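Thank you all for making time this morning.

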Amino acid sequence: MPAQKPSVSPPDAESFDHASAIEACARGDEAAFRSLYDLESGRMLALAMRLLNSRDQAEDAVHDAFIKLWSNAGQYRRELGNGRAWLFTILRYRALDQLRAQGRTPRGDSDALDTLADLLANPETAADDSQTTHQLSDCLGELEVPRREPILLAFFKGLTHEQIAEKLSAPLGTIKGRIRAGLKLLQECLSR
């Protein structure tokens, strides 16, 4: 009987030491790079897909962001911000660069996306900004469950539209429509 491998749970994104992993990347530690990729690539892909509305382009943006992370890890300074926020900021700039190169602008729901992206990328800072956190929480609470649930699954669990449709047993087009409508309502609520 083959020996069983010990069960190892993947690290939790909230407790993972992103700063130390980025600093290890600066020293050429490929295992640290792999850990960052395994932990954050799914969430980053979900965010990039919302910004770019294209899986191929989103995958390119995530790929470019990790290349930039690897090549520029030595420039990261933990005293200037947390590592997770730095990683997501790289991704957001890569996605915005792609949009600009194509003469496109971020989708109309970009304000709500930015707020959600900030919360996703930098929960510690967002938690410090209690007004924004409370406002977003209130606005999310105003959404009907069919619109709120897919947004939470997409932005806080990192699921793709297809995965959300499967999880909620709803057609893909319905899920996309609910997310779009929910983000529009969130944007309106956050601008009050």
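Predicted model: local features only at pLDDT ≥ 70, side-chain atom pairs only at ≥ 80, totals over all residues.

The partners are Cys-139 and Cys-189, with their sulfur atoms 2.0 Å apart. The pair links distant parts of the chain, since Cys-139 sits in helix H7, residues 130-142, while Cys-189 sits in helix H10, residues 172-190, and the two are 50 residues apart. The link between Cys-139 and Cys-189 is left-handed, with -80 degrees about the S-S bond, and both of these cysteines are buried.

Let me turn now to helix H1. In H1, which covers residues 18-26, the buried residues are His-18, Ala-19, Ala-21, Ile-22, Ala-24 and Cys-25. Cys-25 counts as buried because its relative accessible area is 2%, against a cut-off of under 20%. What lies over the buried residues of H1? The cover includes helix H2 (30-52), helix H3 (55-72) and H4. After H1 comes Gly-28, whose phi is positive, near 85 degrees.

Finally, a residue from H4 itself, the helix of residues 83-101, where Leu-99 is found. Leu-99 is buried too, with a relative accessible area of 1%, and from C-alpha to C-alpha Leu-99 lies 8.7 Å from Leu-51, although 48 residues separate the two in sequence.

Note on methods: Residues numbered from 1 in each chain as written. Heavy atoms only, no water. Disulfide = S-S within 2.5 Å. Helix = DSSP H or I, 4+ residues; strand = E, 2+ residues; numbered from the N terminus. Buried < 20%, exposed > 50% of the residue type's maximum accessible area, 1.4 Å probe, protein only. Contact = heavy atoms within 4.5 Å.
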